[in-house]
Amino acid sequence: MAKVRPFLALSLAAAMLAACAGEGAQDSSEATAEDPMVLMLAHNLSTDHVTSVALSDFADMVEENTDGRITVQIYPNGQLGSETEVIEQLRADILDMTRVSAPGLSGYNEGYHAFGLPYIFDDQEHYYASMDSDEMREFFMSSYDDGFVGLTYYTSGSRSFYANKEIRTPDDLKGMKIRVQDMRSQTDMMHALGGTPVVIPFGDIYTSLQTGIIDGAESNETALTQSSHGDVSKIFSYDEHSMIPDMLIMSTATWDSLSAEDQDAIIEAAIESTEAHKIAWDEEIEAAKIEAEEEMGVTFIEDVDKEAFQEATAPMIDQYVSEYPLVGDVLDIVEGAR
């Protein structure tokens with residue numbers, strides 16, 4: 001099947017959204033419960049994903065906070081394209097909001113490269129202290145001139161390696177082909193650790209593990225259960241090399257069409273959805289660990305030499321700060337939350 005060219009994808013999305021949006025209010029000051037302002041939110045997660053549930057909660061809270069004057073219509077499952085495509089649709093004022101992995105925004109604001117770097121957070125407590133800080137929220141809003149503002153973040157957990165061998169030190173990765181996300185920071189990390197990065201779609205990981213095209217992958221524990229990777233990869237090693245947030249962003253044009261009161265109402269709904277998501281995420285991870293261990297026979301390795309991984313990847317931090325000055329600004333915020 002031929003790929004849809006970006007400009008055609010934008011045109012198709014515009015036609016679909018125009019057909020669905022109807023004649024709702026275009027400015028929140030004109031919106032009423034009878035003629036609400038309808039905001040379009042697209043993402044590529046399944047409807048039962050814990051973050052997808054958080055987005056639905058966000059939509060419900062927006063409607064409640066605005067007495068029905070603003071509603072959010074959600075397009076899940078990648079209906080309107082890949083993360084890159086929906087970001088372009090948002091910046092072209094076709095879409096109002098989307099959820100994307102934070103490093104996917106680095107092409108528009110270089111500071112977002114920071115979130116793909118390894119070991120910038122000490123642990124979950126430090127991660128939340130950093131991401132919830134006033135300084136980080138100011139950074140989220142700093143992309144106004146880049147065509148979007150960040151409303152909130154959602155955790156996606158700690159990422160670790162899983163394979164059919166124990167990975168306790170970087171030496172254990174030598175000669176291994178590891179699937180990584182299509183991000184420069186992830187391929188740079190694998191080179192630094194001595195492994196071979198392989199960029200393939202997430203949906204191809206199972207077969208690639210099964211056939212030996214790759215030797216392992218990296219993600220959080222839910223990949224073992226929700227995508228059945230635990231059937232073909234039996235050892236999960238807790239090196240916890242990165243904690244990459246998802247971002248809920250809104251187009252600058254849509255933000256400007258909201259009254260100050262409605263901007264506050266939407267931010268409040270976004271933050272509330274994040275707080276609920278934290279609890280749901282921990283429950284999801286715990287359930288995944290139990291299922292993977294007891295039903296799939298996965299072994300979890302705890303005694304990983306994280307200091308060795310940190311030392312091997314430390315030069316990356318200096319390189320990215322030198323190349324992308326705004327990365328240094330984000331890392332200053334992270335450091336300040338320690």
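Predicted model: local features only at pLDDT ≥ 70, side-chain atom pairs only at ≥ 80, totals over all residues.
Colleague: What is the strand order in the open sheet?
Modeller: The order is β2-β1-β3-β10-β4, and the pairing is mixed. Strands β2 (70-75) and β4 (148-154) stand at the edges with a single partner strand each, so one side of each has no neighbour in the sheet. From one strand to the next, the twist averages 25°.

Colleague: In which sense do β3 and β10 pair?
Modeller: Strand β3 (residues 97-101) and strand β10 (residues 246-251) are antiparallel, paired over 5 bridges. Within that pairing, Val100 has Met247 of β10 as its bridge partner.

Colleague: And which strands does helix α2 lie across?
Modeller: Helix α2 (residues 50-65) lies across β1 (37-42), β2, β3, β4 and β10, and runs at about 160° to β2. Helix α10 (residues 260-295) also packs on the sheet, where it touches β1, β2, β4 and β10. The direction of α10 makes about 25° with that of β4.

Colleague: Is α6 mostly covered or mostly uncovered?
Modeller: Helix α6 (residues 184-193) is mostly covered, with 7 of its 10 residues buried. Among them are Asp188, Met189, Met190 and Leu193.

Colleague: What covers those buried residues?
Modeller: The covering elements include β5 (159-163), β6 (177-180), β7 (196-199), β8 (216-219), β9 (235-242) and α11 (306-323). Just after α6, Gly194 takes a positive phi of about 90°.

Colleague: How many salt bridges does a search of the whole structure find?
Modeller: The search finds 17. One of them joins Arg168 to Asp303, with the closest N and O atoms 3.0 Å apart. Arg168 is in the loop between β5 and β6, while Asp303 is in the loop between β11 (299-301) and α11, so this pair links parts of the chain 135 residues apart.

Colleague: Which residue meets Glu240 in a salt bridge?
Modeller: Its partner is Lys306, at 2.3 Å from N to O. Glu240 lies in strand β9 and Lys306 in helix α11, so the pair ties together parts that are 66 residues apart in sequence. Glu240 is partly exposed, at 29% relative accessible area, and Lys306 is partly exposed at 31%.

Colleague: Which residues are linked in a network of salt bridges?
Modeller: Asp132, Arg137, Glu275 and Lys278 are linked in this way.

Key
Residues numbered from 1 in each chain as written. Heavy atoms only, no water. Buried < 20%, exposed > 50% of the residue type's maximum accessible area, 1.4 Å probe, protein only. Helix = DSSP H or I, 4+ residues; strand = E, 2+ residues; numbered from the N terminus. Contact = heavy atoms within 4.5 Å. Pairing = 2+ DSSP bridges. Axes fitted to C-alpha atoms, helices over the stretch in contact; angles between N-to-C directions. Salt bridge = Lys/Arg side-chain N within 4 Å of Asp/Glu carboxyl O.
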